[in-house]
Amino acid sequence: MKNFYITTPIYYVNSRPHIGHAYTTLSADVISRWRNISGDDVFFLTGTDEHGAKIAEAAKKSNKDPKDFTDEVSLEFVETWKNLGIEYSDFIRTTESRHEKGVESFMELLKNTGALYEGEYSGLYCTGCEKFMTEKDLVDNKCPDHNREPEKVVENNWFFKLSDYLKKIEILIKEDKIKICPDFAKKETLGLLKQNLEDFSVSRENVSWGIKLPWDQNQTVYVWVDALLNYITARGFPSISKDSWPADLQIIGKDILKFHAIYWPAMLLAAGLQTPREIFVHGYFTIDGKKMSKTIGNVIDPNDLVKEYGRDGARYLLLSQFPFGQDGDVKAEKFIDQYNSDLANGLGNLVSRVTSIVSSNNDLIFLDDLSESFCKDIRQSWERYESFFGSYAIEEAIKEIRALIKKSDEEVESFQIWDLVKKDKKRSSFVIHALLERIRVIAWMISPFMPETSEKIFLSLGIKNKSDITIKEAKELTWLPKSNEIKKCELLFPRK
Ligand code: MSP
């Protein structure tokens, strides 16, 4: 069994989770479930980023003590992930003492290796981004993401000697030792590396809500350095084994590429630790053509989607909007049409029709004689599905499932199976066997996306040992349905 360590960014707790956060976590959950059924031993980490001026400001605005405030909002993330059926292995909070201790050890290590020096930072800082900025990052003197003027700060900081690691990082990325996907993100990173990036501050002087530097109690660890370290403190840093690090796949949104593809590997190299194997960068989505924002009032709460479309419905809708890795637009009013066409009238209706015919005709005799061309089609479908997952083309894997559903619907119609079953038992057994086999394959293929629906279908097919087998075993077409064990499947997706 191969270990597979996958991470999401840890989310700021200045406000409640929205579908942007849900999109990242969900994609990581789907990939993690996929690796799991493929036979890997998966460790899936997510969590919340709770220190720094931005969070302290949000707590103050709510008239709450930062610790109470972060406890509340972090819990909202935990509850939202539960609602969405996210099955992580660990949820780390940067205010936990296991993390704080790990950060202190890491900072000591950096200092002892000579990677840090003391200096003065004089420049701009956007608390919304928690980023040091330069004039060229601004539009009309404002941070374009937060529409506010950054603060001018002059403070004593500890700096990290980034310049010592840039050449090495460039080589690692060019040789795909740190594989950055999709290609646009790799190119963007290599472009950034050509810009002679400056050394960055690892501590702040006037931010009290944070982890104090062990050797300088006037400074707290810069919130981005604090946050990036979650990926190793969750695995027990400073005592870390080769089974728990490096991460195999770090999923991030494109907004935080520089931190993950440059600063993070540099910090790891300085500490003598391995760099992550792969960073997958997904795009950003807009809602009805507009950036999602509280001011515009178009923020979608993933919990509302779950209330409306059910857990699996919400999972499906969120992940099938546009290609993973690209930007896209979400049209909220289209969710209902897609739900009805793909899930209620598509998958749900197919499973209901076929299982109900079998359950009311339990004298069907299935023989082990599916045609070679049928088996070949299924094999090819598996190959495509697996290769889509191999390149994290999640939406293409969804399209492959849709194609199987469509093909099955066409057969139900063209063979008129309700009539056929009354007229010709032998022939109808043959046709229905193929339909059931395709539904079994669909149940496997949807399991990373819609785990509950997949279980319900397996149950109605009379398959009980699903969790004991891997997808590799399931791919072998040895399943022989028994008509007396097949029950009409419960309603999967009520029409809206
Ligand atoms: N706390 C930092 C990350 C530290 S990781 C060491 C942070 N947090 S965040 O709450 O702002 O979350 C950012 C992530 O949320 C993005 O990288 C992206 O994965 C996801 N998204 C937020 N809005 C999004 C969209 N509109 N579209 C897609 N993903 C979005 O940055």
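Which residues of helix H5 (residues 166–174) are buried? They are Leu166, Ile169, Glu170, Leu172 and Ile173. Buried means under 20% relative accessible area with a 1.4 Å probe, protein chains only. This is a predicted model: local features need pLDDT of at least 70, side-chain atom pairs count only at pLDDT 80 or more, and totals for chains, interfaces and linings use all residues. Residues are numbered from 1 along each chain, and side-chain values use heavy atoms, without hydrogens and water.

**Helix H5**
- Helices are DSSP runs of H or I, at least four residues; strands are runs of E, at least two.
- The buried residues of H5 fall within an arc of 165° seen down its axis, so they line one face of the helix.
- The arc is taken from the directions from the helix axis to the C-beta atoms.
- Their cover includes strand S8 (179–181), helix H6 (183–193) and helix H9 (257–270).

**Asn157**
- Asn157 sits in strand S7 (residues 151–160).
- Asn157 counts as buried because its relative accessibility is 0%.
- Its side chain makes a polar contact of 2.7 Å with the side chain of Ser201.
- A polar contact is a pair of N or O atoms within 3.5 Å; within protein, one must be able to donate a hydrogen and the other to accept it, and residues adjacent in sequence count only if both atoms are side-chain atoms.
- The Asn157 side chain also reaches the backbone oxygen of Ser203 at 3.2 Å.

**Ligand**
- A polar side-chain atom of His282 lies 3.3 Å from a ligand oxygen atom.
- A polar backbone atom of Gly253 is 3.1 Å from an oxygen atom of the ligand.

Methods: Buried < 20%, exposed > 50% of the residue type's maximum accessible area, 1.4 Å probe, protein only. Contact = heavy atoms within 4.5 Å.
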